[in-house]
Amino acid sequence: MELLIMRHGEAGWHTLDQERELTETGRLHVAEAAAQIAESPWRPKLIWSSPFVRARETAAIVSEILNCPVEERLFLTPDDDPGQCLDALLDTDISPLMIVSHMPLVGSLATLLVDAHRNGIPFMTSQAVMLDMPVVGPGCADLKAQFLP
């Protein structure tokens, strides 16, 4: 399985975390990272997105540039357990697949898949990484590329 993991773009402030919207800079940086992915050999067939506004907006920009559909997944919010995402990955045969979510989930999911622990690596906003997993499971992924605005 080939998996792209992306953190949402820069977001503004809102009293409700799930309602934060992308800033103009955030939109621009997401488009830059998506353009790099479009030039790579890893164009996703499907995007899974967090239901939070900033992630949905990020996924919509990426979807438009890469011409692929988006599905919201409730287990992709910032504090969700990366194990739930791993379970969903085990149940899909879509590859390449892209996940658009938040810190700390993107960091803990990436380290779970690459290093088999959940300590988490930092992700900049609009950053994406490409993981190659011959077998889906903890410690089974290799980092193949990263995309930065």
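Which residue forms a salt bridge with Arg20, and how far apart are the closest N and O atoms? The partner is Asp17, with the closest N and O atoms 3.4 Å apart. The notes below take up this pair and some other features.

1. Basis. This is a predicted model, in which local features need pLDDT of at least 70 and side-chain atom pairs count only at pLDDT 80 or more, while totals for chains, interfaces and linings use all residues. Residues are numbered from 1 along each chain as its sequence is written, and side-chain values use heavy atoms, with hydrogens and water left out.

2. Salt bridges. The structure holds 7 salt bridges, a salt bridge being a side-chain nitrogen of Lys or Arg within 4 Å of a carboxyl oxygen of Asp or Glu.

3. A link between helix and strand. Glu72 forms a salt bridge with Arg56, and their closest N and O atoms are 3.5 Å apart. This pair links distant parts of the chain, 16 residues apart: Glu72 lies in strand S3 (residues 70-72) and Arg56 in helix H2 (residues 53-66). Helices (H or I, at least four residues) and strands (E, at least two) are DSSP runs, numbered from the N terminus. Glu72 is partly exposed at 46% relative accessibility, and Arg56 is also partly exposed, at 36%.

4. The side chains of Glu71 and Arg73 form a salt bridge with an N to O distance of 2.5 Å. Glu71 has a relative accessible area of 34% and is partly exposed; Arg73, at 23%, is partly exposed as well. Elsewhere, salt bridges that share partners join Asp17, Arg20 and Arg54 into one network.

5. Ser49. This residue belongs to strand S2 (residues 46-49). Is Ser49 buried or exposed? Ser49 is buried, with a relative accessible area of 0%. Its side chain reaches the backbone oxygen of Ala55 at 3.4 Å. That is a polar contact, defined as a pair of N or O atoms within 3.5 Å; within protein, one must be able to donate a hydrogen and the other to accept it, and residues adjacent in sequence count only if both atoms are side-chain atoms. Leaving aside residues up to four places away in sequence, Ser49 touches Ala55, Arg56, Ala59, Val70, Glu71, Glu72, Arg73, Leu76 and Val100, where contact means heavy atoms within 4.5 Å.

6. Cysteines. There are 0 disulfides in the structure, a disulfide being a pair of cysteine sulfur atoms within 2.5 Å. Cys68 is in none, and the nearest cysteine sulfur, that of Cys85, is 16 Å away. Cys68 is buried at 6% relative accessibility. For Cys140, the closest cysteine sulfur is likewise in Cys85, at 15 Å, too far for a bond. Cys140 is partly exposed, with a relative accessible area of 30%.

7. Helix H3. In H3 (residues 82-90), the residues Pro82, Gly83, Cys85, Leu86, Ala88 and Leu89 are buried. Their cover includes strand S1 (2-7), S2, strand S4 (97-101) and helix H4 (105-115). At the start of H3, a side-chain oxygen of Asp81 comes to within 2.7 Å of the backbone nitrogen of Gly83.

Conventions: Buried < 20%, exposed > 50% of the residue type's maximum accessible area, 1.4 Å probe, protein only.
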